[in-house]
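Colleague: Hi, I'm new to this one. Could you walk me through it?
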Amino acid sequence: MRIVVLTGAGVSAESGVPTFRDADGLWEGHRVEDVATPEGYDADPGLVHAFYDARRAALADVAPNPAHLALGRLEAVLGHDLTIVTQNVDDLHERGGAHHVLHMHGELLSAWCRACGHRFRWEGTLADRPACPGCGVSELRPDIVWFGEMPYEMDRISAAIAEADLFVSIGTSGAVYPAAGFVIEARARGIRSLEINLEPSEGTHWFDEARHGKAGDLVPRWVDEVLGRL
Ligand code: BV8
């Protein structure tokens, strides 16, 4: 049984990580689409660093919720037959026990040097323009895929979907592409699809089945169902 799970901000909501919708897509009066862009960064690096420094620091105050833990349990049984693709930039899947997670939109705990191109695990701030541990130049940016930038791991994601028996989308509004299009790729290949979300997403009509409610309640139940059928 090969499963691809796509997660979005809704899977971390019960951990206290604000979703983009909850914040109405705003941060301190700025639209996320304006802050989370290369242009926004070049225009005002201090503002964008403050946005990400605050979210990176907030990771210390949150913990994985039952949805993350259930997916960790599922991976422990399925191993590489489970591929978790996340749009989230937090580390809650990993802290929930999942080991091979594809962060298609990058990670808060990673910094990317625009001078030498290397990436480094980063837990502190970037607004103070620290020197790159590799080349010494102070050109570190958040290792986040911004609007207009190519998401990471697209080849591995497409390969995983192509081989899947089931595609499950958890806690995403289906507002952002290419992630929102993965269910269409699955359908085109005749792969069964399930949406688990607080409310119908923008792409809910593409799914064979939809379960609406909190991820912290529905995901453990779904994982128990899958494990019970193995
Ligand atoms: C690209 C990192 C191409 C930043 C993010 C017009 C039409 C179609 C597409 C486009 C267009 N114009 C531009 C585009 C492309 C654009 C796009 O899709 N824009 C949208 C706004 C229309 N996409 C891109 O730019 C992507 N790149 O296309 O590159 C390319 C090609 C060649 C060469 C170069 C480039 C890059 C997109 C990535 C942007 N970065 N994240 C950061 O995190 O700070 S996106 C960011 O917003 C998130 O990562 C996430 O993907 C998105 C928000 O989505 P969700 O995760 O779904 O969160 P949301 O709040 O929206 O929804 C939460 C859901 O959870 C809700 O449904 C809610 O009901 C539910 N929920 C809440 N609580 C719970 C719950 N569910 C269960 N339980 C709960 N407790």
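Modeller: Happy to! Keep in mind that this is a predicted model. Domain 1 and domain 2 bury about 950 Å² between them, and 55% of that area is on carbon and sulfur atoms.

Colleague: Which residues of domain 1 lose the most area to domain 2?
Modeller: Those are Val17, Val89 and Tyr152, which together make up 42% of what the domain 1 side buries.

Colleague: How many residues are in contact between them?
Modeller: On the domain 1 side there are 13, in contact with ten residues of domain 2.

Colleague: And what about salt bridges across that interface?
Modeller: The rule finds zero salt bridges there. It does find four residue pairs in polar contact across the interface, with both residues at pLDDT 80 or more.

Colleague: Changing topic: how many residues are in the largest nonpolar core?
Modeller: That core has 23 residues, and those with the most contacts inside it are Ile3, Val5, Val168, Ile170, Ile196, Val219 and Trp222. The elements giving two or more residues to this core are strands E1 (3-7), E4 (82-86), E9 (166-170) and E10 (192-197), along with helices H4 (66-78) and H8 (215-229).

Colleague: Which of them gives the most?
Modeller: That's H8, with six residues.

Colleague: What does Val219 touch?
Modeller: Leaving out residues up to four places away in sequence, Val219 touches Ala67, Ala70, Leu71, Ile170 and Ile196.

Terms used:
Residues numbered from 1 in each chain as written. Predicted model: local features only at pLDDT ≥ 70, side-chain atom pairs only at ≥ 80, totals over all residues. Heavy atoms only, no water. Core = buried A, V, L, I, M, F, W, Y, C linked by side-chain atoms within 4.5 Å. Buried < 20%, exposed > 50% of the residue type's maximum accessible area, 1.4 Å probe, protein only. Helix = DSSP H or I, 4+ residues; strand = E, 2+ residues; numbered from the N terminus. Contact = heavy atoms within 4.5 Å. Buried area = accessible area lost by both parts, 1.4 Å probe. Salt bridge = Lys/Arg side-chain N within 4 Å of Asp/Glu carboxyl O. Polar contact = N/O pair within 3.5 Å; in protein donor to acceptor, adjacent residues only side chain to side chain.
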